[in-house]
Amino acid sequence: MAPTFPFSAIVGQEEMKTALLVAAIDATIGGVLVFGDRGTGKSTAVRALASLLPKMSVVADCPYNDDPDDDSTVCADGCPAQHTKVQKRARSVPVPVVDLPLGATEDRVVGALDLELALTAGKKSFEPGLLARANRGFLYVDEVNLLEDHLVDLLLDVSASGRNVVEREGLSIRHPARFVLIGSGNPEEGDLRPQLLDRFGLSVEIDTPRDLDSRVEVVRRRSEFEADPDAFVAKWKRRDGRVRNRIVTARRQMPSVQISDSALESMANLCLALGTDGLRGELTLSRASRALAAWEGAEEVDVSHIRTMAPSALRHRLRRDPLDEAGSTVRVERAISEVFH
Amino acid sequence: MDLEQADGAWDDALLGAAIFASDPSGLGGVCVRSQPGPIRDFWFAQVENLIGQPSEFRRIPCAVTEDRLLGGLDLAATLSAGRPIGETGILAESDGGILLLAMAERLPASAAACIGEALERGIVSVQRDGIDHQSEVRFGVIAFDEGIDEDDHVAAALSDRLALHLRLPEASARELPGSPYSAKTVARAAAEITGVVCDEDVVAALCGAAFALGIRSFRPSAAVVRAARTSAALNGRSRVEEEDAGNAARLVLALRATMLPQPAPEEQNEPEPQEDTGDNDRQGPGDDQARGPMMDVVLDASTAAIPPGLLERLKQAELGGRKSAKSAGSGSHGAAPRRGRPAGVKRGSPGAGKRLNVIETLRAAAPWQPLRRQTDTAPTGRLKITQDDLRISRLKHQGKATTIFVVDASGSSAMHRLAEAKGAVELLLADCYVRRDQVALVAFRNQGAEIALPPTRSLVRAKRCLAALPGGGGTPLAAGIDAAAQLADQVVRRDETPVIVLLTDGRANIAADGSADRGRANIDAKSSARRIRAVGYRSLLIDTSPRPQPVGRELAAEMDATYLPLPFADSKVLNDAIRSVAHDPSASMV
């Protein structure tokens, strides 16, 4: 496998990096949507995250990456590892960041009848798909706005429920599929349906850097990486390691981070001012702010955390008003300055 | 194109060929804008000579499907072996070679994205038909872009990853010189690229040039540096010099420019200037708005504007002989869709346009094999498939609608009407998310018509384009209708259904040839309208004059359009009217 571009070597794009880290700290935030121009490093950042994440412990030979320390979840029927509470062999593996490649078919995404076994042995057995592989990790869909509608619907449904239900070819299987869905795309090639937008926890809009220095730096690092990927990765290894340690600490600290009533109230006011539908916006905003506070080592969520996360947590939940010339980002920022004076 | 310019373009094309040949996979490829013909063949022969091994070229038809590109289940092998056997796709097979795409602008977006992804990552990832496979690939792409219209080029998912963008000169009677480089030079350059140094200040200059030209993606910025190093290697240098940087900027950046650089750095091929020059006496208030400091607006407007020369040529082709109504209309409504997006499978027999879905058929048959082997007398080792197992692919081909607004942007009251139309486009667009319909906008004023907004369902793009739409000047109604008809033809070619919505008072005063002759203008407008009726595009004419005149109704009759006098149409009324026409089952079908 060719080395991936190191996360800490990515120039700028702070909002995207923060959103990805926050989702890595608290997986319940529910997915990140990255929209921006072509060639701005969307996929680079997501793939870089893969090699950055700390390892996790799984039941050996379980295709669903089941957690050996968690007795509450039920793995799928017919899991070849056949683990019970008593006998479990644990193994440490990298957190899966599964790429949903272009042209993937539904049978490979959800899993299907194992053709080989069916044809040669006449056995009916389930071959887990990408959703199984992504359990407890990330599922990355590039060009999410080009993906066929029925696949997008399916992904969002599974990522919301955390379980994949397969009913096809006489198979009836359900298995855990809790993953953070990361979608990226170029808005000039078509928007996502509003009801799908809302399902993503965070949404990030990235733009190309406007100052020449950082543009030159991007190209310089890119050329350096292409010339000798291994040396470049080695050079950034320590910095990536520091980020990794910080993620681990933040995950541990997060449950003890306090959110005061006044902070909750200002979040509610913000959502009210923006007229976001439903409670999802508030919930995501509070979780994201808490994860950010944990990342920064704070003991309590303060205004700066809310201000940082509000655009990503709310901008895609605004009711579209096509005649309003201002973009959704501007509207969120306007509301922030109103609520927090 | 005068001779001197043609010479320059040809020299650049030869240089591009040599640079590409030196580093096909590193540069991703070359996108060549040109019509097929002897010049293009000659150019390609140069590339073949420089690379040397003709067997490495692989031509891909523009109708290529994802399953061929990526691979899948090999049916014949699977059936004879009795177990699933994969088939390598074109991309994996092309490792180390060169893909040749003719009519690359016709490549489906999904196929273009597949090729682009493989170029970018150097990996082909297959998750299809029960196959889970990754293979490393390195290849170069030559994409021949034969698109004429501004909005009809190679999909960005692919073209962004092709470093070199060339335009071959138009047909020339003269003998063109062959490449000044030899296969030997190219081979030597290929070996030396990695050793070429590119100084920081050169990198900064190249990035600055890309930025000043309004190129937002980083890939061209990285590619231009690589191309500069290749140019240096070709010229036997170990350090990038000014000449190399200039070469690379011309070959990588020039055709991508979306705006004119303010201080004009090392840029030679200037992009087409905006169309509305020289109409300073009768400008409406909209022009000042459009020329505002909003960089994004100007940037997008210049890409959307059709260069005047191109518009002229399209008109010539139009008068020379239009496609028959039959061919233009064919394919927009088939009985059973033979293409479209896959929408699952169902039980049934293939034939009559329905395609057998082999994988699902095998899956359906598989569990029964042991049982059938026991009861059946046929020789063993073969799969036994009965009628019942057959599965056919269901393809969803929604008759996607593209609403083309044709807006009279002339005269003093244009701003009002323009504002209404803009509002309607945006409302309709908001309504289109669920249906995935598209809208486009053609504006006509002064001497001609321009496509202000190519078909899109992107709100972002629509807003940028609409904000930049100017108003004022004469009323070239015929040109507007013609432009809409051409756009509608394009839409039909993409298997979608156009709906033309014309907003005008019907009073033309500029004839088709651009002369200010009211009588001729009206005759031309009617003859253009008749062509719309002949092709059978569904249309709606909204009369925007303060008091409806017979001339509007007559024009609607010529077009066979629904006539709607709407002196004070507001966006909401307009939107409702359009929806009722576009989705009226009793209206004539295209």
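1. Asn65(A) sits in the loop that links strand 2 (56-59) to strand 3 (90-93) of chain A, where helices (H or I, at least four residues) and strands (E, at least two) are DSSP runs numbered from the N terminus. This is a predicted model, in which local features need pLDDT of at least 70 and side-chain atom pairs count only at pLDDT 80 or more, while totals for chains, interfaces and linings use all residues. Residues are numbered from 1 along each chain as its sequence is written, and chains are lettered from A and ligands numbered from 1 in the order in which they are written.

2. The phi of Asn65(A) is near 55°, a positive value in a residue other than glycine. Most residues other than glycine have a negative phi. Asn65(A) counts as buried because it has 24 C-beta neighbours inside 10 Å; a residue is buried if 20 or more other C-beta atoms lie within 10 Å of its own, exposed if 12 or fewer, and partly exposed in between, with C-beta atoms placed from the backbone.

3. In chain B, Met103(B) also deserves a look, with a positive phi of about 50° although it is not a glycine. Met103(B) belongs to the loop between strand 5 (98-101) and helix 7 (109-121) of chain B, and it counts as partly exposed because 16 C-beta neighbours lie inside 10 Å.

4. Chain A holds an open sheet of five strands in the order 4-7-10-1-11, with parallel pairing, and two strands are taken to pair if DSSP finds at least two bridges between them. Strand 4 (97-99) and strand 11 (202-206) of chain A stand at the edges with a single partner strand each, so one side of each has no neighbour in the sheet. On average, neighbouring strands of this sheet are turned by 20° against each other, direction ignored.

5. Strand 1 (residues 32-36) of chain A pairs in the parallel sense with strand 10 (residues 179-185) of chain A over four bridges, and five bridges join strand 1 of chain A to strand 11 of chain A, which also run parallel. Val32(A) has Ile182(A) as its bridge partner in strand 10 of chain A and Leu202(A) as its bridge partner in strand 11 of chain A.

6. Five of the five residues of strand 11 of chain A are buried, so this strand is largely enclosed by the rest of the structure. Helix 10 (residues 200-212) and helix 11 (residues 219-234) of chain B have axes that come within 9 Å and cross at roughly 135°, the axes being lines fitted to C-alpha atoms, for helices over the stretch in contact, with angles from 0 to 180 degrees between N-to-C directions. That angle makes helix 10 of chain B oblique to helix 11 of chain B; angles under 35 degrees count as roughly parallel, over 145 as roughly antiparallel, 65 to 115 as roughly perpendicular and the rest as oblique.

7. In chain B, 54 residues are in contact with 51 residues of chain A, two residues being in contact if their C-beta atoms, placed from the backbone, lie within 7 Å.
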